[in-house]
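Please go through the structure below with this briefing beside you.

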Amino acid sequence: MGQLASQRTRVWHQMVGSLTSAAGITVLVALVIAVISTIYSGPFVLINSVVTGGMWALMAVGLSLVFGVMNVVNFAHGEFFMVGTLVGYFVFTPISSYLADHPQPLLSAVGPFIGIIAAMLIGAVLGVVLEKLVFHPLRVRTKEQWIMNTFLLTVGVSVIMINGDQLLFGTNFKGIINYWKAPPLDIFGVSISVERVVVFVLAMVVMAGFWYFMRQTRIGRAIRAVSQDETGAQMVGIELDRIQVLTMSLSSALAAMAGASLLFMFPSYPTVGLKPLYIAWYVVILVGLGNVAGALVGGFLVAMIQSLTGFYIGQGWDDVIPTAFVMLILLIKPSGLFGSEVKGVHEQ
Amino acid sequence: MSNNDKKSPEVDTVYKLEPTGPMDRLRRLSETFGVNLHGLIVIALLFALPLIPPFGREDLLRWLIGAALIGAQAIAFDFTTGYINVVNFGFAAFLGVGAYTSALLAVNFGISPWIGTFLGVLPAALLGFITGILTLRLRGIFAALMSWFVGLALLGLTRNLTGLTRGPMGLNSPTYFETASNLPYYYVIAIMMMVTFFVLRYITRSNIGLAFRALGQNIEAAQASGINPTFYRVFNFTIQCAFAGWLGGFYAHYYGILTPQIMQTSHTVEVLAIAYIGGRGSIWGGGLTAFPFIFLIEYMRSNLTNLPGLHLVLYGLLLILVMIFYPGGVAGVYASIRASARRFRQRRAAQSAA
C-alpha cells in the first residue's frame, strides 16, 4: 500500500516537474492560446497551424539532424525545399497532363506521391553530392572553426543553387493549383482542401517512421551516437564517413519532400526556399539546436505563432513577430526551450 | 605571443632604415598611415582611375561606383568578421537603416543629403550597439544567427511600416548633385571608402585591434589576460554598424530610390563573399578585390544576358573555393608573394656578401 503511494507521488512529481519545465510551460501556454483563439474566432487558426506545422517540423528535423551529427549549420536547407518543389512540379505536370487525356483513377490518386518520392530521391542524391564535394574537402583541410566555416560554405552553396535554378529554369512561377481534383473536406465547420489533410497525414507518417528509424534501427542509433559523442562512436566501430553522408542525404531528402508536398502552396521559383529556411531556423532555435524530438512540437508552435500573427495582426507581420519571439528565446535561453542533447554547442 | 614574433622583423626593418633617399622617407610616411608603398600606389590609382581613358565612360563609372561602395562595405564587414570573429549576418539591414534615415530626413524635413548622410550614422550605430549587446552572450554561430534575426526583423519592419517608408513601392530620395554625370559621385564614394579604410585600419593596428584579435581567437584566454569582452565586442559592432549606416547614406543619395530590397540577406552575402575572397582580417583585402570582381560580375551581367544568374553563381563558387582551399584570400596571396620576395632578396644579399 505504502509502496503504491510512494510510486504515485513519484509519478506525480515527474508530471509536475515536466510541466513546470520551460518546455512544459511553453506547450501548455500554446495549448491555452490555441483553445482561446478557437473559442473566439473559430478553428481556422488551429487547423491552419496544424496543417503546415507538420511540414515545418520535417524541415526543422533535417536542419537539427545535420547540426547534431555533422556540426554543420546549414544555410542552404531552404534550397533543398526549392529543389523539392522543382522536382515535384516537373514530375507531376506530365502525369497530370497525361491524366487529362487518359483518365485513370489509380494513377490520379497515386500521381502526386510519385512526384514527392522523386523529390525525396533527388534531394537525397544532392545531399550526398554536397557532403562529398563541399564538406569532405574542408574536413580534410582543417577542422578549425568548423561551424563558422561550414556555415559560410552553405551560404555559398545557397547562392549557387538559387542562381543555378534561375539559370536553368528561369524566374517564372512553376506551380500547380491542386494535387487531387476533389472537393474540399469539411472538418469542424472549416473547409480544408484534400491536399492539406494529406500533407498533414504524410508529415505525421514520415515523422513516425523517422522516429522509429532513429530509435530502433542500428543505423539510426549509430547516427544518434555520432551526434552525442563523435570520438566514442568511432571507438565502438561506427564509420563516421558513412554516417555523415547518410545524415546529409536524409536531411536534404526530408527538406525536398516538404517542398514537393507543399507545391500547391509554394509555387516553385528560385528563392522559394527562403521562407521555409527562416521557419526551420525559428523552430530549431526555439527548441534547441540538435534537438530532433523537440522539432516536432516546435514546428507546430511556430506555425501557430505565424497563423496567429497573420490572423490578428496582418499578413505582412508573420515574419516580424516570430523573429522577435525567437530573438527573445535566443537571449533568455540560447540552448532552446527544450534543451539540447548535443554537447558543447556553446563551446564551439 | 606569436603575434609579436611575427611582427618584430618588420618593425626592425622600419626602424633600421636610415631616412636617406626620398623613397625611404615616403616609405616611413606610408607606414604611419598603416599602408605600405604598394598601398599608396593603389590608392593613387583609385583616384586617378576615372582619368584613364576607358574608365571615364559613364557606364564604367557606374561600375566603379558600385565596386567602391561594395568594397567600402567589405572593409567595414571585415572589421567584425576578421577580428572579433563574429559574422554580422544582418549587415545589409544596418546599411538600410542609414539609407532610410538619411532619405526620410531629406524627404520630410528637407535636410541636405550631405548632413543626412552623417545623421544616418546615429540610428545605425545605436542599433549596432543594441545588437552588440544582444549577441554578447552568444558564441560564434549563435551571434551570427542573432544578428541575422535582427536584420530580418528590421527588414520586416521596413516592409510593413508603409506609412513611413512606403514599403516595397520604393522611396524617392534626393541625390547629392544635380548633374547627370557620375564622376563627382565616384570621388565622393572613393573618399568615403578611404576614410572607412584609414579609420578602421588605424583602430585595428592599435592595441584595440590586438584585443579584438585575442577575443576572436579565444574569449576565455583573452578574458584571463584582462580584456573586457563586453566593451570590445559592443564597441566593434557599434563602429561597424556606424560605417554601414554612413555608406547607406551614399546608397540612398546616389541611386535616388530605396526599397526594402537593399536590406535583404542576399546583399549581406554579396558583401560577405567579397570580404572573404579579399582575405579575412586584412581590412584592405575586400576593398581592393571589389574592383576587379565587380567589373567581372557586371561584365558578365551585361554581356551574358541570356544567362541570368551566372554572375551570382560565380560569387558562390568563388566563396566556396576560397573557404575550402585558400582561406587567406587575396590578402593571403599578397602576403605569400611578399614573403617569397623578401626571401629572394635576402638570399641574393647573402650571395653578394659571400
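**Helix packing in chain B**

H14(B) packs against H16(B) at an angle of about 40°, and their axes are 9 Å apart. The two helices, H14(B) and H16(B), are therefore oblique to each other. This is a predicted model.

**H14(B) against H16(B)**

- The crossing of H14(B) and H16(B) is left-handed.
- From H14(B), the contact takes B:Glu270, B:Ala273, B:Tyr276 and B:Ile277. They meet B:Tyr315, B:Leu318, B:Leu319, B:Val322 and B:Met323 in H16(B).
- The residues of the contact of H14(B) with H16(B) divide into 8 nonpolar, no polar and 1 charged.

**H16(B) on its own**

- H16(B) covers residues 310-325, which is 16 residues.
- From first C-alpha to last, H16(B) reaches 22 Å, close to the 22 Å expected at 1.5 Å a residue.
- Which residues of H16(B) are buried? They are B:Leu312, B:Val313, B:Tyr315, B:Gly316, B:Leu319, B:Ile320, B:Val322, B:Met323 and B:Ile324.

**The contact between chains A and B**

- Chain A gives 35 residues to the contact, and chain B gives 35 residues.
- On the side of chain A that touches chain B, H5, H6, helix H11 (274-287) and helix H13 (320-332) each supply at least two residues.
- H6(A) gives the most to that side of chain A, with 15 residues.
- The residues on that side of chain A divide into 24 nonpolar, 9 polar and 2 charged.

**H5(B) and its end**

- H5(B) has 19 residues and reaches 27 Å from its first C-alpha to its last. That is close to the 27 Å expected at 1.5 Å a residue.
- Of the 19 residues of H5(B), 16 are buried, so H5(B) is largely enclosed by the rest of the structure.
- B:Gly110 follows H5(B) and has a positive phi, near 65°.

**Two loop residues with positive phi**

- B:Asn85 is not a glycine, yet its phi is positive, about 65°.
- B:Asn85 sits in the loop between helix H4 (58-81) and helix H5 (91-109) of chain B.
- Is B:Asn85 buried or exposed? B:Asn85 counts as buried because it has 21 C-beta neighbours inside 10 Å, and the cut-off for buried is 20 or more.
- B:Ile283 is not a glycine either, and it has a positive phi of about 65°.
- The loop between H14 and helix H15 (284-303) of chain B holds B:Ile283.
- B:Ile283 has 29 other C-beta atoms within 10 Å, so it is buried.

**Chain A overall**

- Chain A has 13 helices and 2 strands.
- Of the 348 residues in chain A, 48% are buried.
- Among contacts in chain A with a separation of 6 or more, 77% come from residues 24 or more positions apart.

**H7(A) against H8(A)**

- The axes of helix H7 (residues 194-216) and helix H8 (residues 218-228) of chain A come within 5 Å and cross at roughly 75°.
- That makes H7(A) roughly perpendicular to H8(A).
- H7(A) makes the contact with A:Phe213, A:Met214, A:Arg215 and A:Gln216. H8(A) makes it with A:Gly220, A:Ile223 and A:Arg224.
- The residues of the contact of H7(A) with H8(A) divide into 3 nonpolar, 2 polar and 2 charged.

**Two partly exposed residues in chain A**

- A:Ile95 lies in helix H4 (residues 77-101) of chain A.
- With 16 other C-beta atoms within 10 Å, A:Ile95 is partly exposed.
- Leaving aside neighbours within four places in sequence, A:Ile95 is in contact with A:Leu107, A:Gly111 and A:Ile114.
- A:Ile95 and A:Pro112 are 17 residues apart in sequence. In space they are 8.6 Å apart, C-alpha to C-alpha.
- A:Lys132 is in helix H5 of chain A.
- A:Lys132 is partly exposed, with 14 other C-beta atoms within 10 Å.
- A:Lys132 and A:Gln244 are 112 residues apart in sequence. Their C-alpha atoms are 9.7 Å apart in space.

Conventions
Residues numbered from 1 in each chain as written. Chains lettered and ligands numbered in written order. Predicted model: local features only at pLDDT ≥ 70, side-chain atom pairs only at ≥ 80, totals over all residues. Helix = DSSP H or I, 4+ residues; strand = E, 2+ residues; numbered from the N terminus. Expected span 1.5 Å × (residues − 1). Buried ≥ 20, exposed ≤ 12 C-beta atoms within 10 Å, placed from the backbone. Contact = placed C-beta atoms within 7 Å. Nonpolar A, V, L, I, M, F, W, Y, C, P; charged D, E, K, R; others polar. Axes fitted to C-alpha atoms, helices over the stretch in contact; angles between N-to-C directions. Parallel < 35°, antiparallel > 145°, perpendicular 65-115°, else oblique. Left-handed = near helix turned anticlockwise from the far one by under 90°.
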